[in-house]
Amino acid sequence: FFIFYCSTKSTMMHVVRFSTVALLSVITKSSGFVSQSSIKTRQAYITSENAPNYQNHNSFQQERRTSPKPLYQSSTEKTDQYEVGSFEDLGQIHKDADAIFSIIDVDGDGAITLSELNTHMTKSGYADNVVSKIFRKLDTNKDGVVSGAEFRDGMVTFAPLRSAPGLGNYNAEFVVEIHADADTLFRSIDEDGDGSISLNEMRSHLSRVTGYSDRAIENIFGMLDADKDGTVSKEEVRDAFVRYSAFRQAVGEGPNFK
């Protein structure tokens, strides 16, 4: 993905649109059907009125050439043959997938609907049709929902998802700013000021500011409580903010939000 510092909301939306084009390119390519018409469609999108207004076309082409090569594999390959990309191992990819899944699964029922995915990803600037295409690729058994296992497989198969805006570690290089937003959120949830967040404090906060069900809040709390001591520390919130732009977007937008 092409990632850089975004100083305005408008610029951020342009970068996200560019990222969705790259993501769709990878999803299409890994599915084994790249046609001239699909290439022309993507090029038409880039030059459409909805696309980023790149003033320097040569600069745009250079950005495309110098972007990291997307990593992907055919969905028919064994999972032990995946390309790791930015993460250490398959276990870590699955762990991250489970964390992001818990954030998108607003009702906490163990499945992501198209509505849940659309609500979440459109906040990051993705168009409805892009979200629908991603959903169809993730829903491999075509039962109308994305299970935890399917989401894991998708994060392995489509490596760019791991650092996509609103999902993985997008803009994770801005650690100082992200930590500042994480600390702001932590203070607002830690009602008794004891330096840790309990499940009741998490439930009280998220039930006020989000549409998460009790079950979903418990899932998110379990995801944040990395050391499983029954509370969430400031460092655990910071770590989740850096690793999961999905979490930053869902509950933690602050003055430095990226």
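**Notes on a predicted model**

1. Let's start with helix 8, whose buried residues are I178, H179, D181, A182, D183, L185, F186 and I189. Buried means under 20% relative accessible area, exposed over 50% and partly exposed in between, using a 1.4 Å probe and protein chains only. Helices are DSSP runs of H or I with at least four residues, strands are runs of E with at least two, and both are numbered from the N terminus.

2. A word on the source: this is a predicted model, where local features need pLDDT of at least 70, side-chain atom pairs count only at pLDDT 80 or more, and totals for chains, interfaces and linings use all residues. Residues are numbered from 1 along each chain as its sequence is written, and side-chain values use heavy atoms, with hydrogens and water left out.

3. What do the buried residues of helix 8 pack against? Their partners are strand 3 (196-197), helix 9 (199-209), strand 4 (232-233), helix 11 (234-243) and helix 12 (245-251). Contact here means heavy atoms within 4.5 Å.

4. Helix 9 also meets helix 10 (residues 214-224): L199, M202, R203, L206 and S207 in helix 9 touch D214, I217, E218, I220, F221 and L224 in helix 10.

5. The largest nonpolar core has 49 residues, and I100, F151, M202, L224, V237, Y244 and F247 have the most contacts inside it. Helix 4 (residues 90-104) gives the most to this core, with 7 residues. Such a core is a set of buried Ala, Val, Leu, Ile, Met, Phe, Trp, Tyr and Cys residues joined through side-chain atoms within 4.5 Å.

6. Finally, look at R136 in helix 6 (residues 128-138). R136 counts as partly exposed because its relative accessibility is 47%.
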